[in-house]
Amino acid sequence: DATIYGAELSGTYLASDSLYFDAGLSYKRGKKDTLTRGQTDEDLADISPLKLNASATYDYDDAGNIQLSFVAVDRWSDIDSENGEQELAGYGVVNFKTSREFDNGLILLFGVDNLLDKRYTTTNTYKDLILMTDNSDTMLINEPGRYIYLNGTYQF
């Protein structure tokens, strides 16, 4: 049994017909209502902290857009340490994408996630999650580094 509570605030600002800004800020907290026998830590596992998503988008030619976005997360310090969670550093990541729709039904999307190749972790590790069988310490798994993608869609 547990209780999760939080808040979210989001909005959009239209600077012009072709330029707009989006932002969202969220906070979550979780507490165990009933503790596992022998444990005293009330922090609920896998509850991410304060998070900001912000982006600027420019629409051009009524057929394409360019977007630059920023994701920032506060340090993950309210952790379930008795079940193997570890403190995680806060991070900020910049992403870029652009899309273009052509008259023949083809849509191309090009993007780069983690543009600055930041090393960061978004999820925690637990005692019962075994990734290695060599009796080594519990390890965290980092997110991918810079990620470049190109997607194509054809609509008819």
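This is a predicted model: local features need pLDDT of at least 70, side-chain atom pairs count only at pLDDT 80 or more; totals for chains, interfaces and linings use all residues.
Visitor: Why is Ser-69 called buried?
Guide: The relative accessibility of Ser-69 is 16%, and buried means under 20%, so Ser-69 counts as buried. Ser-69 is found in strand S4, which covers residues 64-73.

Visitor: What is Ser-69 in contact with, leaving aside its neighbours within four places in sequence?
Guide: With those neighbours set aside, Ser-69 is in contact with Ala-54, Ser-55, Val-93, Val-94 and Asn-95, where contact stands for heavy atoms within 4.5 Å.

Visitor: How do you know that strand S2 and strand S3 pair?
Guide: Two strands pair if at least two bridges are found between them, and eight bridges join strand S2 (residues 19-32) to strand S3 (residues 51-60), so these two strands, which run antiparallel, count as paired. One of the residues involved is Ser-55, the bridge partner in S3 of Asp-22.

Visitor: What makes strand S1 and strand S7 the edge strands?
Guide: The open sheet consists of seven strands in the order S1-S2-S3-S4-S5-S6-S7, with antiparallel pairing; strand S1 (2-14) and strand S7 (147-154) each pair on one side only. On average, neighbouring strands of this sheet are turned by 15° against each other, direction ignored.

Note on methods. Residues are numbered from 1 along each chain as its sequence is written. Side-chain values use heavy atoms; hydrogens and water are left out. Helices (H or I, at least four residues) and strands (E, at least two) are DSSP runs, numbered from the N terminus. Buried means under 20% relative accessible area, exposed over 50%, partly exposed in between (1.4 Å probe, protein chains only). Axes are lines fitted to C-alpha atoms, for helices over the stretch in contact, and angles run from 0 to 180 degrees between N-to-C directions.
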